[in-house]
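Take a look at the sequence and the structure, then try each task before you read its solution.

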Amino acid sequence: MKHPLSVVILAAGLGTRMKSSTPKVMHKIYGKPIIQYTVDSAQKLKPENTTVVVSPDSIGIKNTLEGYRLNFAVQKKSKGTGDALKTASGALKNFRGITLVLNGDTPLITSKTLKKLLGLHDKNRDDISVLSFIAEGEHSYGRIVREKNKVKAIIEDKDADAEQKEIKEVNSGIYAMKPHVLNLLKDVQLNKGKGEYYLTDIVGLAVKKGHRVNAYILGNETEMTGINTREDLSKAGLYIRDMVVSGLMHNGVSFMDASSVFIHPEAKIEADTIIYPNVHIEGKTVIGKGCTIYPNSRITDSNIGNNVVIKDSTVIECSTVKDKAAVGPFAHIRPGSSIGPSSKVGNFVEIKKSVIGEGTKASHLSYIGDAEIGRHVNIGAGTITCNYDGKNKHKTVIEDDVFVGSDSQIIAPVKVGKGAYVGAGSTITKNVPPLSLAVSRTEQRHIEKWALKKRLRVKNEESEIKKIKTGKTKCAE
Ligand code: UD1
Ligand code: MG
């Protein structure tokens, strides 16, 4: 680009149409705040500086954008987009390049479209260039009013007459401006209807001053979607989903029902993986080759290896699942866990902050927390590592080749040595030496004829009750 670039992103509006206590630009699409999408697109243009205009209670926005090189300008009161840009113009006083103004609520805008606008702005030596688009159906965008094809003004939906409402070319809220145009902001009058200073009014003011003003129809209606309502938010989410899914299909991922899945744009999935309906892949999850993810599973910020099978209704959070492992159905892998290669974590098993070794199996109804479990261990159904004493968490170590019988409780801190056996139903409170059998349940004993005696007792009781009912008891005599 010939001229240095400065970006201003307007993000201090109240967002009243969202009917929310969260600032509009902090609403998320696929777990990422709206404002961050806009900032990401702008950053790709490598501007000299970027100013985000925020409201005074914008701590959330500042935290979200912490990792970016940005300036913040605080608009004390939401007095409209014109006032918002004026707030930022102080920071631009000595800047002699081009200022690109973006609405913070337009997350789908691509840097490609922004570059096109800047290219045309430069080529046609405009003072102000407006990025416009064609809007079909019902909307509330400002109309681009032209006279003999030349831009004359932007008229907001609320102020448009019946004829102007018919105009299909509308304002995206994105403008490229030369520095002197910013001086016109002081001439923008308060719009009495809305009690705001409209940035759009500088277009009409610039035309009156004889400046070069152009509007360019670039991009499509979806890309330019301004998020004003929950409906807009939902539509934008679906649009991003479709883009993400089609990119993945292009790279060899199969979807049984692409319209039902939610996949975060930053997630990576390799070829020959099959995703069943209603699967949610969140955050920076990476899924390898040849995996199958069955329905209703949610995987967040996790690393899934190659040829892994995630069976139905499984939740995996901030964990690693290694090659050829099988997890689920109805398993919960909580943060900080590592599920080893070719291992199996089955039905209704919860794993928390634990390492499960290669080829180890915990197939049914177990809780494994704060544990380090070696290779080729069998964890019987219903086994529990009791990691919490009411105050502190303790670690369980189960070494390679151990066999833990069903319904055992392993009370941490404790270690079960290599190759040992734990008898079913045991409560293990002491370290188990390698290759030994630990059994802690009481020994089985038999009480001869106990059942027979019980039956006789019941029979006698029943006949006593009958006597009371018929009045033939000793007392009645
Ligand atoms: C605005 C445009 C409209 C355009 C549409 C495109 C104006 C007057 N209208 O309307 O022509 O078609 O965008 O999406 O500009 N903001 C502030 N401070 C304020 C008010 C708003 O920073 O006092 C910010 C908002 O946070 C938002 C952006 O400016 O990111 C646009 O404001 P919004 O109220 O959404 O304007 P629209 O009604 O959508
Ligand atoms: Mg808007």
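Predicted model: local features only at pLDDT ≥ 70, side-chain atom pairs only at ≥ 80, totals over all residues.

**Exercise 1. The surroundings of the ligand**

Task: Find which residues come nearest to ligand 1, and work out which classes of residue make up the shell around it.

Solution: 
- Step 1. Start with the residues around ligand 1, of which there are 24. A12, Q75, T81, E156 and N171 come nearest.
- Step 2. Now sort the shell by class: 13 residues are polar, six are nonpolar and five are charged.

**Exercise 2. Polar contacts with the ligand**

Task: Look for N or O atoms of G80, N103 and D105 that lie within 3.5 Å of an oxygen atom of ligand 1. Then ask how much of the ligand the protein buries.

Solution: 
- Step 1. Begin with the backbone. At G80, a backbone N or O atom is 2.8 Å from an oxygen atom of ligand 1.
- Step 2. Move on to the side chains. N103 places a polar side-chain atom 3.0 Å from a ligand oxygen.
- Step 3. Turn to D105, where a side-chain N or O atom lies 2.8 Å from an oxygen atom of ligand 1.
- Step 4. Finish with the surface. Ligand 1 taken alone exposes 760 Å², and the protein buries 94% of that.

**Exercise 3. The largest pocket**

Task: Where does ligand 1 sit, and which residues and elements line that place?

Solution: 
- Step 1. Locate the ligand: ligand 1 sits in the largest pocket.
- Step 2. Look at the space, which is about 1,200 Å³ for the largest pocket.
- Step 3. Examine the lining. It has 44 residues, with R17, K24, T81, K194 and N228 lying nearest the centre of the pocket.
- Step 4. Ask which elements contribute. Both α3 and β10 supply at least two lining residues, and β10 gives the most, with four.
- Step 5. Sort the lining of the largest pocket by class: 22 residues are polar, twelve are nonpolar and ten are charged.

**Exercise 4. The second largest pocket**

Task: Describe the volume and the lining of the second largest pocket.

Solution: 
- Step 1. Take the volume, which is about 490 Å³ for this pocket.
- Step 2. Go to the lining of 17 residues, where E138, H139, Y141, D232 and K235 lie nearest the centre.
- Step 3. Sort these lining residues by class: seven are charged, seven are polar and three are nonpolar.

**Exercise 5. Backbone features in loops**

Task: Is the peptide bond from G328 to P329 cis or trans, and is the one from A412 to P413 cis or trans?

Solution: 
- Step 1. The bond from G328 to P329 has omega near 5°, and it is cis. P329 belongs to the loop between β26 (326–327) and β27 (332–333).
- Step 2. The bond from A412 to P413 is cis, with omega near 5°. P413 is in the loop between β39 (409–411) and β40 (414–416).
- Step 3. You can find N149 in the loop between β8 (143–147) and β9 (150–155).

Conventions:
Residues numbered from 1 in each chain as written. Chains lettered and ligands numbered in written order. Heavy atoms only, no water. Near = heavy atom within 4 Å. Polar contact = N/O pair within 3.5 Å; in protein donor to acceptor, adjacent residues only side chain to side chain. Areas by Shrake-Rupley, 256 points an atom, 1.4 Å probe, with all protein chains shown as cover. 1 Å grid on protein atoms, 1.4 Å probe; cavity = no way out; pocket = protein on both sides within 12 Å on 5 of 7 lines; lining within 4 Å. Sits in = over half its atoms within 2 Å of the grid points. Nonpolar A, V, L, I, M, F, W, Y, C, P; charged D, E, K, R; others polar. Points joined across faces, edges and corners; volume = space filled by probe spheres on them.
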